[in-house]
Amino acid sequence: MADWVPLVRFAIGRETELVPFSVGVRGRFERWLVEQDASGRRFDDEQRRWLEMMVEHVAGSLGIEVEDLDLAPFVGEGGVGRAGTVFEGKVAGVMRGPTQALVG
């Protein structure tokens with residue numbers, strides 16, 4: 001679905017290498033995690049698992065919205081309600097940062 005994004009990013013000079021969108025998303029996610037760690041923000045194992053699912057969703061659909069948390073695979077883990085608990089009621093804010101970093 002997002003196969004055209006790397007081509008556009010490359011064509012406009014935002015990227016110097018042509019790589020699959022999912023590979024770029026994964027790399028940007030890893031950099032974002034390092035930045036979060038450096039700023040003192042840590043994620044526990046369950047939060048990290050949810051973030052990983054979000055990354056996979058972004059890699060396949062170019063973004064993520066809170067409503068998407070009621071779709072597979074999130075709904076199988078408790079959906080938006082569980083995500084709210086996992087991220088202490090701040091799921092929308094938590095999603096905003098990595099989504100901007102991943103797609104940006």
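Tutor: Let us start with a term that we shall need: buried means under 20% relative accessible area, while exposed means over 50%. Please keep in mind that this is a predicted model, in which the pLDDT averages 87 and 95% of the residues score at least 70.

Student: Which side chain of opposite charge is nearest to D68, and how far away is it?

Tutor: D68 is found in the loop between α3 and α4, and this residue is buried yet has no salt bridge. A salt bridge would need a side-chain nitrogen of Lys or Arg within 4 Å of a carboxyl oxygen.

Student: With which side chain does the side chain of D68 make a polar contact?

Tutor: Leaving aside neighbours within four places in sequence, D68 is in contact with H57, G63 and F74. The polar contact, at 3.2 Å, joins the side chain of D68 to the side chain of H57.

Student: Turning to the charged pairs, how far apart are the closest N and O atoms of E30 and R26?

Tutor: Both residues belong to helix α2, and because they are 4 residues apart there, about one helical turn separates E30 from R26. In terms of accessibility, E30 is partly exposed at 35%, and R26 is likewise partly exposed, at 25%. The two form a salt bridge, and the distance between their closest N and O atoms is 3.5 Å.

Student: How far apart are the closest N and O atoms in the salt bridge of R42 with D37?

Tutor: R42 is exposed, with a relative accessible area of 55%, whereas D37 counts as partly exposed at 40%. Their salt bridge is one of the 8 that the structure holds, and its closest N and O atoms are separated by 3.0 Å.

Student: Which backbone oxygen does the side chain of Q47 reach?

Tutor: Q47 has its place in helix α3, and this residue is buried, because its relative accessible area is 11%. Not counting residues up to four places away in sequence, Q47 touches R42, V86 and F87. At a distance of 3.1 Å, the side chain of Q47 reaches the backbone oxygen of V86.

Student: How far apart are the end C-alpha atoms of α2?

Tutor: Several residues of α2 are buried, among them F21, V25, W32 and L33, and just after this helix G40 takes a positive phi of about 95 degrees. Since α2 has 18 residues, it should span 26 Å at 1.5 Å a residue. The model agrees with that expectation, for the end C-alpha atoms of α2 are separated by 26 Å.

Student: Which element has the highest mean pLDDT?

Tutor: The lowest mean among the elements of the protein, 73, belongs to helix α1, which covers residues 4-11. At the other end of the range, with a mean of 95, stands α4.

Note on methods
Residues numbered from 1 in each chain as written. Predicted model: local features only at pLDDT ≥ 70, side-chain atom pairs only at ≥ 80, totals over all residues. Heavy atoms only, no water. Helix = DSSP H or I, 4+ residues; strand = E, 2+ residues; numbered from the N terminus. Buried < 20%, exposed > 50% of the residue type's maximum accessible area, 1.4 Å probe, protein only. Lys, Arg positive; Asp, Glu negative; His and termini not counted. Polar contact = N/O pair within 3.5 Å; in protein donor to acceptor, adjacent residues only side chain to side chain. Contact = heavy atoms within 4.5 Å. pLDDT = per-residue confidence, 0-100. Expected span 1.5 Å × (residues − 1).
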